[in-house]
Amino acid sequence: MEAVINNPEFFKRGRYYWGQAARGAEGQQVILQVLAPHLEGLSLDALAQSTGMNNADLQKALNTLKRHDVVEETQGNWRIMVELFRRWVLQQ
C-alpha cells in the first residue's frame with residue numbers, strides 16, 4: 001500500500017478526483033475532508049453538523065459524488081469508496 005501511495009501517479013490521480021469535486025454541486029471537497037478520517041463513514045445528520053451545510057445542498061453534493069463513484073451510502077452512513085483516495089484526502 002505504501003508503494004502505491006508514494007507513487008507520483010497516485011497523487012496525480014488524487015488531484016484529478018479532487019479537482020472534479022470542485023466542479024458542480026458546492027461543498028463536495030468539504031464533505032470529502034469531513035469523511036476522510038471516518039473509515040466507516042458518517043450519517044447524513046453527522047455530515048450536516050460537521051459541514052454546516054443544509055440538507056438540500058448536502059444531498060445534492062453527495063448525489064454528485066455518488067454519481068462519480070467517489071462516495072457510497074451503506075447502512076445509513078456515507079463513506080469514501082476508494083481507500084487509497086480516502087488516504088490521499090487525509091494527507092492534503
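Residues are numbered from 1 along each chain as its sequence is written, and side-chain values use heavy atoms, with hydrogens and water left out. Because this is a predicted model, local features need pLDDT of at least 70 and side-chain atom pairs count only at pLDDT 80 or more, while totals for chains, interfaces and linings use all residues.

**Exercise 1. Find out which elements the protein chain has and in what order they run.**

Step 1: Let's start with the tally, which is six helices and three strands. Helices (H or I, at least four residues) and strands (E, at least two) are DSSP runs, numbered from the N terminus.

Step 2: Read from the N terminus, the order is α-α-α-β-α-α-β-β-α.

Step 3: Now look at burial: 34% of the 92 residues count as buried, a term for under 20% relative accessible area, with exposed meaning over 50% and partly exposed in between (1.4 Å probe, protein chains only).

**Exercise 2. Work out how helix α5 is oriented towards α3 and towards α4.**

Step 1: Take α3 (residues 28–35) and α5 (residues 55–67), whose axes come within 9 Å and cross at roughly 80°. Axes are lines fitted to C-alpha atoms, for helices over the stretch in contact, and angles run from 0 to 180 degrees between N-to-C directions.

Step 2: Angles under 35 degrees count as roughly parallel, over 145 as roughly antiparallel, 65 to 115 as roughly perpendicular and the rest as oblique. α3 and α5 are therefore roughly perpendicular.

Step 3: Repeat this for α4 (residues 44–51), which packs against α5 at about 110° with the axes 10 Å apart. That pair is therefore roughly perpendicular too.

Step 4: See who touches whom, with contact meaning heavy atoms within 4.5 Å. From α4, Leu 44, Leu 47, Ala 48 and Thr 51 meet Asn 55, Leu 58, Gln 59 and Leu 62 of α5. On the α3 side, Gln 28, Ile 31 and Leu 32 meet α5 residues Leu 58, Ala 61, Leu 62, Thr 64 and Leu 65.

**Exercise 3. Decide whether Thr 64 is buried or exposed, and list its partners.**

Step 1: Locate Thr 64 in helix α5.

Step 2: Its relative accessibility is 9%, so Thr 64 counts as buried.

Step 3: Beyond neighbours within four places in sequence, Thr 64 is in contact with Ala 25 and Gln 28.

Step 4: Finally, a polar atom of the Thr 64 side chain lies 3.0 Å from the backbone oxygen of Lys 60.

Notes. Polar contact = N/O pair within 3.5 Å; in protein donor to acceptor, adjacent residues only side chain to side chain.
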